[in-house]
Amino acid sequence: MRRVNDMKMRGEKGFTLIELVVGIVAGAIVAAVAYTLIEPTQSWLFSEARRGGMGGGGAAMMRMVREIRRIKSPGSIATHSPTQLSFVDYDDSMVNFQLVGTNLMRGSNVLIRGVQSLNFDYLNENGISTSVTADIRIVTIDMTIASGAQLVRLSSAERIRNIPY
């Protein structure tokens, strides 16, 4: 007891062990409360970014699939590469999908932005990749979209209508 009084008398400053422990416990409580508030917010942001990518990407994918069904015949496919598909549909309209930078274009219109990769694959009636235009029966689409800091991958396949197999 005399030592504590001597410290106070000499004007020395410092914290007692009890004050340090109370400070550490208070800091831990504040950190725990902050973590419980921040973690759900990050989960919500993650979900919203993913939902945004799925929404826009899903709409773009549905449109491409719907229009690929309308390919008149394999002979009406003008261009088929991994990042571009051009064809004439039943209404004799030219339809062109292609990746330009990070934009998926339908003709001169942007279908969706933030596309990281786009891959068309062309399959014959046996489901085997083909580069022969006349043999194309199925078109597969693989697309990766950046949504916030996340990547959303969408895939689909569509058979060209009214083609005997």
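Select Phe120 first. Leaving aside residues up to four places away in sequence, Phe120 touches Met64, Ser81, Pro82, Thr83, Gln84, Leu85, Phe97, Val139, Thr140 and Ile141. Keep in mind that this is a predicted model.

Is Phe120 buried or exposed? Phe120 is buried, with a relative accessible area of 2%.

**The aromatic pair**

A search of the whole structure finds one aromatic pair. The ring centres of Phe120 and Tyr122 lie 6.5 Å apart, and their planes meet at 25°, so this pair is stacked. The cut-off for stacked is planes under 30 degrees apart. Tyr122 is buried as well, at 4% relative accessibility.

**The core**

Phe120 and Met143 have the most contacts inside the largest nonpolar core, which has 26 residues. Next, colour the elements that give two or more residues to this core: helix H2 (17-68), E2, E3, strand E6 (115-123), strand E7 (138-147) and strand E8 (150-159). Which element gives the most? H2 does, with five residues. As background, nonpolar side chains in soluble globular proteins tend to be buried together.

**The open sheet**

Hide the rest and show E6, E7 and E8. These three strands form an open sheet in the order E6-E7-E8, with antiparallel pairing. E6 and E8 are the edge strands, and each pairs on one side only. From one strand to the next, the twist averages 10°.

Zoom in on E7 and E8. How many bridges link E7 and E8? There are 10, in the antiparallel sense. Pick Ile141, one of the residues that Phe120 touches. Opposite Ile141 stands Ser156 in E8.

**Two hairpins**

Move to E2 (residues 84-88) and E3 (residues 94-100). The two strands run antiparallel and are joined by five bridges. Click Val88: its bridge partner in E3 is Met94. Then follow the chain through the turn. The hairpin of E2 and E3 has five residues between the strands, and Asp92 takes a positive phi near 60° there.

Carry on along E3 to strand E4 (residues 103-106). E3 and E4 also pair in the antiparallel sense, over four bridges. Select Val100 and look across: Asn103 in E4 stands opposite. How many residues lie between the strands in the hairpin of E3 and E4? There are two, and Gly101 takes a positive phi near 65° in this hairpin.

**Last stop**

Go back to Phe120 and show Phe97, one of the residues it touches.

How values were computed
Residues are numbered from 1 along each chain as its sequence is written. This is a predicted model: local features need pLDDT of at least 70, side-chain atom pairs count only at pLDDT 80 or more; totals for chains, interfaces and linings use all residues. Side-chain values use heavy atoms; hydrogens and water are left out. Two strands pair if DSSP finds at least two bridges between them. Rings of Phe, Tyr and Trp (its six-membered ring) pair if their centres lie within 6.5 Å; planes under 30 degrees apart count as stacked, over 60 as edge-to-face and the rest as tilted. Buried means under 20% relative accessible area, exposed over 50%, partly exposed in between (1.4 Å probe, protein chains only). A nonpolar core is a set of buried Ala, Val, Leu, Ile, Met, Phe, Trp, Tyr and Cys residues joined through side-chain atoms within 4.5 Å. Contact means heavy atoms within 4.5 Å. Axes are lines fitted to C-alpha atoms, for helices over the stretch in contact, and angles run from 0 to 180 degrees between N-to-C directions.
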